[in-house]
Amino acid sequence: MRTIKLFIVLTVAFGTLTFSSCVKSKKEDTNVSYYVTADIDGKATSFNTNATATVTSVEGHPFTIITGTAKDGTNLSITLSGTAIVGKTYSDAAVKDEDKPLILFTPPGNDADSFLNNDDDAANLPSVTITSISSGKITGTFKGRIEGGIALGGSDDLPKKLITNGKFSLSYSK
């Protein structure tokens, strides 16, 4: 489990760096039909810059990556093992690791801690539900508690954030 999470974190981090290094237009994307939004600790946040959903393959294993960046530079990435399946809920409560989502929240700045799934909070386990996939578009919802200090590890006092009301509707390429 730990090896898979580390592998996925590295994959997502590489993908986030790739997307954030792209040349950005000065205007925010005004296409309202594609979006990633969530309440982060109760504050409504849009991650609509460079927002996309795609399937990529690492050593022959497919991963669905949903990602976007907020105006302040905060990145949100959701990684699902395999190609996304309509009607499926990926949850940290799942028995199989490949049925668990990986949510990575990275605030702007080189010294900022990244936040990752926290499966110690049974009431707020991270989950992602795929509601539809059609005509190159994917929609779904997500939520859960995430924990900061990935690099620190081993502490029970790590900062935490609660994601609620997460929604996405994005262009989707396989």
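User: How many helices and strands are there in the protein chain?

Analyst: Keep in mind that this is a predicted model. The protein chain has 1 helix and 11 strands. Reading from the N terminus, the order is α-β-β-β-β-β-β-β-β-β-β-β.

User: What makes β9 and β10 count as paired strands?

Analyst: Two strands pair if at least two bridges are found between them. β9 and β10 are joined by 7 bridges, so they qualify, and they run antiparallel. One spot to look at is I130, which stands opposite G140 in β10. The two strands form a hairpin with 2 residues between them, and S135 in the turn has a positive phi of about 45 degrees.

User: Which other strands does β10 pair with?

Analyst: β8, residues 115-117, pairs with β10 in the antiparallel sense over 3 bridges. β10 and β11 also run antiparallel, with 10 bridges joining them. E147 is a handy landmark here: L116 stands opposite E147 in β10, and the bridge partner of E147 in β11 is K160.

User: What makes a group of residues a nonpolar core, and which members touch the most others here?

Analyst: The members have to be buried residues from a nonpolar set that includes Leu, Ile and Phe, joined through side-chain atoms within 4.5 Å. The largest nonpolar core has 25 residues, and L76, I130, I138, F142, I163 and F168 touch the most other members. β1, β3, β5, β7, β9, β10 and β11 each supply at least two residues of this core. The largest share, 4 residues, comes from β11. As a general point, nonpolar side chains in soluble globular proteins tend to be buried together.

User: How do you know that I130 is in contact with F168?

Analyst: Contact means heavy atoms within 4.5 Å, and F168 is on the list for I130, so the pair meets that cut-off. Leaving aside neighbours within four places in sequence, the list for I130 also includes L80, I85, V86, Y90 and I138.

User: What share of the contacts links residues 24 or more positions apart?

Analyst: Among contacts in the protein chain with a separation of 6 or more, 57% are between residues 24 or more positions apart.

Notes:
Residues numbered from 1 in each chain as written. Predicted model: local features only at pLDDT ≥ 70, side-chain atom pairs only at ≥ 80, totals over all residues. Heavy atoms only, no water. Buried < 20%, exposed > 50% of the residue type's maximum accessible area, 1.4 Å probe, protein only.
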